Amino acid sequence: MNTKYPKTYQTPEMVEALNRIKVLFEKYTTEDAIGGQFANAANNFYQGQAAIICNGPWQIPDFENPDNAPEGFINKVGVAKFPENTMLETYPEGWVVCADSKEKQEAAMKLLQVFTDAKGQQAAMEHTKDVPCSDNVEITKEFAAENKLLVQMLEDRKDVKYKFATFDINAYPSVIDSFGKNYPELIYGNITSEEMTKKMDEAAASAQ
(Lines give C-alpha, C1' and ligand atoms only; values in the text may rest on other atoms or scores of the structure.)
Protein backbone atom coordinates (compact mmCIF):
# COMPACT_ATOMS: atom_id res chain seq x y z
CA MET A 1 0.00 0.00 0.00
CA ASN A 2 3.00 2.31 0.38
CA THR A 3 4.51 1.44 -3.00
CA LYS A 4 3.99 4.09 -5.66
CA TYR A 5 2.79 2.55 -8.93
CA PRO A 6 3.44 -1.08 -7.93
CA LYS A 7 4.38 -3.57 -10.64
CA THR A 8 1.27 -5.63 -9.98
CA TYR A 9 -1.82 -5.74 -7.80
CA GLN A 10 -2.15 -9.50 -8.28
CA THR A 11 -0.63 -10.36 -4.91
CA PRO A 12 -1.93 -12.50 -2.01
CA GLU A 13 -2.10 -9.40 0.19
CA MET A 14 -4.33 -7.46 -2.21
CA VAL A 15 -6.61 -10.45 -2.80
CA GLU A 16 -6.96 -11.00 0.95
CA ALA A 17 -7.70 -7.29 1.50
CA LEU A 18 -10.46 -7.33 -1.11
CA ASN A 19 -11.91 -10.49 0.42
CA ARG A 20 -12.01 -8.78 3.82
CA ILE A 21 -13.78 -5.78 2.30
CA LYS A 22 -16.40 -8.13 0.87
CA VAL A 23 -17.07 -9.47 4.36
CA LEU A 24 -17.60 -5.92 5.67
CA PHE A 25 -20.25 -5.27 3.05
CA GLU A 26 -21.89 -8.69 3.28
CA LYS A 27 -22.22 -8.92 7.06
CA TYR A 28 -21.96 -5.48 8.63
CA THR A 29 -23.83 -2.97 6.55
CA THR A 30 -26.90 -2.50 4.37
CA GLU A 31 -27.44 -3.43 0.73
CA ASP A 32 -27.36 0.17 -0.48
CA ALA A 33 -23.96 0.87 1.09
CA ILE A 34 -22.15 0.25 -2.18
CA GLY A 35 -22.76 2.50 -5.14
CA GLY A 36 -25.10 4.82 -3.26
CA GLN A 37 -24.64 8.26 -1.82
CA PHE A 38 -22.61 8.67 1.34
CA ALA A 39 -25.58 10.30 3.06
CA ASN A 40 -27.50 7.02 2.81
CA ALA A 41 -24.67 4.99 4.35
CA ALA A 42 -24.17 7.56 7.11
CA ASN A 43 -27.89 7.67 7.92
CA ASN A 44 -28.01 3.88 8.17
CA PHE A 45 -25.15 4.02 10.66
CA TYR A 46 -26.78 6.78 12.69
CA GLN A 47 -30.03 4.82 12.86
CA GLY A 48 -28.34 1.61 13.99
CA GLN A 49 -28.95 -0.22 10.72
CA ALA A 50 -25.21 -0.72 10.11
CA ALA A 51 -22.67 -1.95 12.64
CA ILE A 52 -19.65 -0.08 11.30
CA ILE A 53 -18.72 2.79 9.02
CA CYS A 54 -15.23 3.07 7.57
CA ASN A 55 -14.37 6.72 7.82
CA GLY A 56 -12.07 9.12 9.60
CA PRO A 57 -12.02 11.52 12.55
CA TRP A 58 -13.40 14.32 10.36
CA GLN A 59 -16.81 12.68 10.79
CA ILE A 60 -16.80 12.86 14.59
CA PRO A 61 -18.56 16.27 14.73
CA ASP A 62 -21.47 14.73 12.80
CA PHE A 63 -21.87 12.07 15.50
CA GLU A 64 -22.72 14.76 18.06
CA ASN A 65 -24.68 17.04 15.73
CA PRO A 66 -28.44 16.65 16.41
CA ASP A 67 -29.15 17.59 12.79
CA ASN A 68 -27.40 14.39 11.67
CA ALA A 69 -27.57 11.86 14.48
CA PRO A 70 -29.88 11.05 17.39
CA GLU A 71 -29.11 12.72 20.72
CA GLY A 72 -26.39 10.86 22.59
CA PHE A 73 -25.38 8.87 19.53
CA ILE A 74 -21.68 9.68 19.92
CA ASN A 75 -21.67 7.79 23.23
CA LYS A 76 -22.50 4.61 21.30
CA VAL A 77 -19.59 4.96 18.88
CA GLY A 78 -16.12 3.51 19.29
CA VAL A 79 -12.98 3.78 17.21
CA ALA A 80 -10.87 0.86 16.01
CA LYS A 81 -7.65 0.35 14.14
CA PHE A 82 -7.52 -1.85 11.07
CA PRO A 83 -6.44 -5.49 11.53
CA GLU A 84 -2.81 -6.28 12.38
CA ASN A 85 -2.46 -3.02 14.40
CA THR A 86 -2.72 -0.85 11.29
CA MET A 87 -3.90 2.67 10.52
CA LEU A 88 -4.43 4.72 7.41
CA GLU A 89 -2.14 7.75 7.38
CA THR A 90 -3.67 10.50 5.28
CA TYR A 91 -2.36 13.95 4.57
CA PRO A 92 -3.58 17.40 5.67
CA GLU A 93 -4.27 20.18 3.23
CA GLY A 94 -1.26 21.76 1.55
CA TRP A 95 -0.08 25.34 1.77
CA VAL A 96 1.28 27.34 -1.17
CA VAL A 97 2.82 30.79 -0.97
CA CYS A 98 2.18 32.93 -4.06
CA ALA A 99 3.59 36.38 -3.37
CA ASP A 100 5.07 38.96 -5.72
CA SER A 101 7.65 40.36 -3.32
CA LYS A 102 10.22 39.06 -0.88
CA GLU A 103 8.55 40.91 1.99
CA LYS A 104 5.19 39.26 1.33
CA GLN A 105 6.83 35.86 0.97
CA GLU A 106 8.57 36.22 4.32
CA ALA A 107 5.36 37.40 5.99
CA ALA A 108 3.41 34.51 4.50
CA MET A 109 5.99 31.98 5.68
CA LYS A 110 5.82 33.40 9.20
CA LEU A 111 2.04 33.01 9.13
CA LEU A 112 2.34 29.39 7.97
CA GLN A 113 4.70 28.72 10.84
CA VAL A 114 2.03 29.99 13.23
CA PHE A 115 -0.53 27.68 11.62
CA THR A 116 1.70 24.61 11.70
CA ASP A 117 3.76 24.79 14.88
CA ALA A 118 2.71 22.85 17.96
CA LYS A 119 0.60 25.71 19.32
CA GLY A 120 -1.16 26.20 15.98
CA GLN A 121 -1.87 22.48 15.66
CA GLN A 122 -3.28 22.41 19.17
CA ALA A 123 -5.57 25.35 18.41
CA ALA A 124 -6.80 23.67 15.23
CA MET A 125 -7.44 20.45 17.14
CA GLU A 126 -9.37 22.19 19.88
CA HIS A 127 -11.46 24.47 17.65
CA THR A 128 -12.01 22.45 14.47
CA LYS A 129 -11.19 18.88 15.65
CA ASP A 130 -8.32 18.66 13.16
CA VAL A 131 -5.96 15.76 13.79
CA PRO A 132 -2.51 17.16 14.66
CA CYS A 133 0.41 15.86 12.62
CA SER A 134 2.63 15.75 15.69
CA ASP A 135 2.29 13.43 18.68
CA ASN A 136 3.76 16.18 20.87
CA VAL A 137 0.67 18.39 20.81
CA GLU A 138 -0.70 18.86 24.32
CA ILE A 139 -4.07 17.32 25.06
CA THR A 140 -5.60 19.00 28.07
CA LYS A 141 -7.81 17.15 30.54
CA GLU A 142 -10.71 19.38 29.56
CA PHE A 143 -10.34 18.57 25.86
CA ALA A 144 -9.94 14.84 26.55
CA ALA A 145 -13.11 14.80 28.67
CA GLU A 146 -15.17 16.44 25.92
CA ASN A 147 -13.61 14.61 22.95
CA LYS A 148 -13.16 11.02 24.06
CA LEU A 149 -13.47 9.51 20.58
CA LEU A 150 -10.86 11.74 18.97
CA VAL A 151 -8.47 11.41 21.91
CA GLN A 152 -8.83 7.62 21.84
CA MET A 153 -7.78 7.63 18.19
CA LEU A 154 -4.82 9.89 18.93
CA GLU A 155 -3.71 7.53 21.69
CA ASP A 156 -4.18 4.47 19.48
CA ARG A 157 -1.95 5.86 16.75
CA LYS A 158 1.05 6.08 19.07
CA ASP A 159 1.70 2.32 19.02
CA VAL A 160 0.55 1.51 15.49
CA LYS A 161 2.76 -1.12 13.88
CA TYR A 162 1.89 -0.44 10.23
CA LYS A 163 0.89 2.84 8.59
CA PHE A 164 -0.21 2.97 4.99
CA ALA A 165 -0.94 5.83 2.63
CA THR A 166 -4.23 6.62 0.96
CA PHE A 167 -4.77 4.57 -2.18
CA ASP A 168 -5.10 7.54 -4.52
CA ILE A 169 -1.58 8.77 -3.70
CA ASN A 170 0.23 5.68 -4.94
CA ALA A 171 -1.94 4.54 -7.84
CA TYR A 172 -2.45 5.83 -11.38
CA PRO A 173 -5.73 7.74 -11.91
CA SER A 174 -6.75 4.98 -14.32
CA VAL A 175 -6.43 2.45 -11.49
CA ILE A 176 -8.58 4.60 -9.21
CA ASP A 177 -11.23 4.81 -11.93
CA SER A 178 -11.07 1.05 -12.49
CA PHE A 179 -11.34 0.40 -8.76
CA GLY A 180 -14.48 2.53 -8.47
CA LYS A 181 -16.04 0.96 -11.53
CA ASN A 182 -15.40 -2.65 -10.47
CA TYR A 183 -15.98 -2.24 -6.74
CA PRO A 184 -19.75 -2.91 -6.96
CA GLU A 185 -19.08 -5.87 -9.25
CA LEU A 186 -16.84 -7.37 -6.56
CA ILE A 187 -19.28 -6.76 -3.71
CA TYR A 188 -22.24 -8.17 -5.63
CA GLY A 189 -20.26 -11.30 -6.53
CA ASN A 190 -20.04 -10.68 -10.27
CA ILE A 191 -16.24 -10.87 -10.20
CA THR A 192 -13.75 -12.41 -7.80
CA SER A 193 -11.02 -10.59 -5.90
CA GLU A 194 -8.48 -12.23 -8.19
CA GLU A 195 -10.30 -10.93 -11.27
CA MET A 196 -10.47 -7.44 -9.80
CA THR A 197 -6.72 -7.29 -9.19
CA LYS A 198 -6.20 -8.32 -12.82
CA LYS A 199 -8.43 -5.48 -13.97
CA MET A 200 -6.41 -3.09 -11.81
CA ASP A 201 -3.21 -4.28 -13.49
CA GLU A 202 -4.80 -3.72 -16.89
CA ALA A 203 -5.77 -0.19 -15.88
CA ALA A 204 -2.22 0.50 -14.66
CA ALA A 205 -0.77 -0.77 -17.93
CA SER A 206 -3.02 1.59 -19.91
CA ALA A 207 -1.55 4.56 -18.03
CA GLN A 208 2.06 3.78 -18.86
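The legends below describe close-up views of one predicted model.

Residues are numbered from 1 along each chain as its sequence is written. In this predicted model, local features need pLDDT of at least 70 and side-chain atom pairs count only at pLDDT 80 or more, while totals for chains, interfaces and linings use all residues, and side-chain values use heavy atoms, with hydrogens and water left out.

**View 1**
Helices (H or I, at least four residues) and strands (E, at least two) are DSSP runs, numbered from the N terminus. Along the sequence their order is α-α-α-β-α-α-α-α-β-α-α-α. The C-alpha trace spans about 55 × 50 × 30 Å along its principal axes. Of the 208 residues in the chain, 30% are buried; here buried means under 20% relative accessible area, exposed means over 50%, and partly exposed lies in between (1.4 Å probe, protein chains only). The chain exposes about 14,000 Å², and carbon and sulfur atoms supply 52% of this area. Accessible areas come from the Shrake-Rupley method with a 1.4 Å probe; for residues, only the protein chains shown count as cover. A contact means heavy atoms within 4.5 Å. Among contacts between residues at least 6 apart in sequence, 57% join residues at least 24 apart.

**View 2. The largest nonpolar core, with 18 residues.**
A nonpolar core is a set of buried Ala, Val, Leu, Ile, Met, Phe, Trp, Tyr and Cys residues joined through side-chain atoms within 4.5 Å. In soluble globular proteins, nonpolar side chains tend to be buried together. The residues with the most contacts inside this core are Phe45, Tyr46, Phe63, Phe73, Val77, Met125 and Leu150. Two or more core residues come from each of helix H2 (38–46), helix H3 (60–63) and helix H7 (148–156). H7 gives the most, with 5 residues. Val77 touches Phe45, Phe63 and Leu149, not counting residues up to four places away in sequence. Another core, of 16 residues, lies apart from this one and includes Tyr9, Met14, Leu186 and Ala203.

**View 3. Helix H7 and the elements it packs against.**
Leu149, Leu150, Val151, Met153, Leu154 and Asp156 are buried in H7. The buried residues of this helix pack against H3, E1, helix H5 (118–128) and helix H6 (141–146).

**View 4. Thr86 in strand E1 (residues 86–89).**
Thr86 counts as buried because its relative accessibility is 9%. A polar atom of its side chain lies 2.9 Å from the backbone oxygen of Pro83. Leaving aside neighbours within four places in sequence, Thr86 is in contact with Lys81, Val160, Tyr162 and Phe164.

**View 5. Thr166 in the loop between strand E2 (162–165) and helix H8 (167–170).**
With 11% relative accessibility, Thr166 counts as buried. Its side chain makes a polar contact of 3.1 Å with the side chain of Asp168. A polar contact is a pair of N or O atoms within 3.5 Å; within protein, one must be able to donate a hydrogen and the other to accept it, and residues adjacent in sequence count only if both atoms are side-chain atoms.

**View 6. A salt-bridge network of Glu16, Arg20 and Glu84.**
A salt bridge is a side-chain nitrogen of Lys or Arg within 4 Å of a carboxyl oxygen of Asp or Glu. The closest N and O atoms of Arg20 and Glu16 are 3.2 Å apart. These two residues are separated by about one helical turn, because they are 4 residues apart in helix H1 (residues 12–27). For Glu84 and Arg20, the closest N and O atoms are 4.0 Å apart. This pair links distant parts of the chain, 64 residues apart: Glu84 is in the loop between H3 and E1, and Arg20 is in helix H1. Glu84 is exposed, with a relative accessible area of 56%, whereas Arg20 is partly exposed at 36% relative accessibility. Glu16 is partly exposed, with a relative accessible area of 41%.

**View 7. The salt bridge between Glu64 and Lys129.**
Their side chains meet at 3.2 Å, N to O. Glu64 is in the loop between H3 and E1 and Lys129 in the loop between H5 and H6, so the pair is listed as linking distant parts of the chain, 65 residues apart. Glu64 counts as partly exposed, at 38% relative accessibility. The whole structure has 7 salt bridges.
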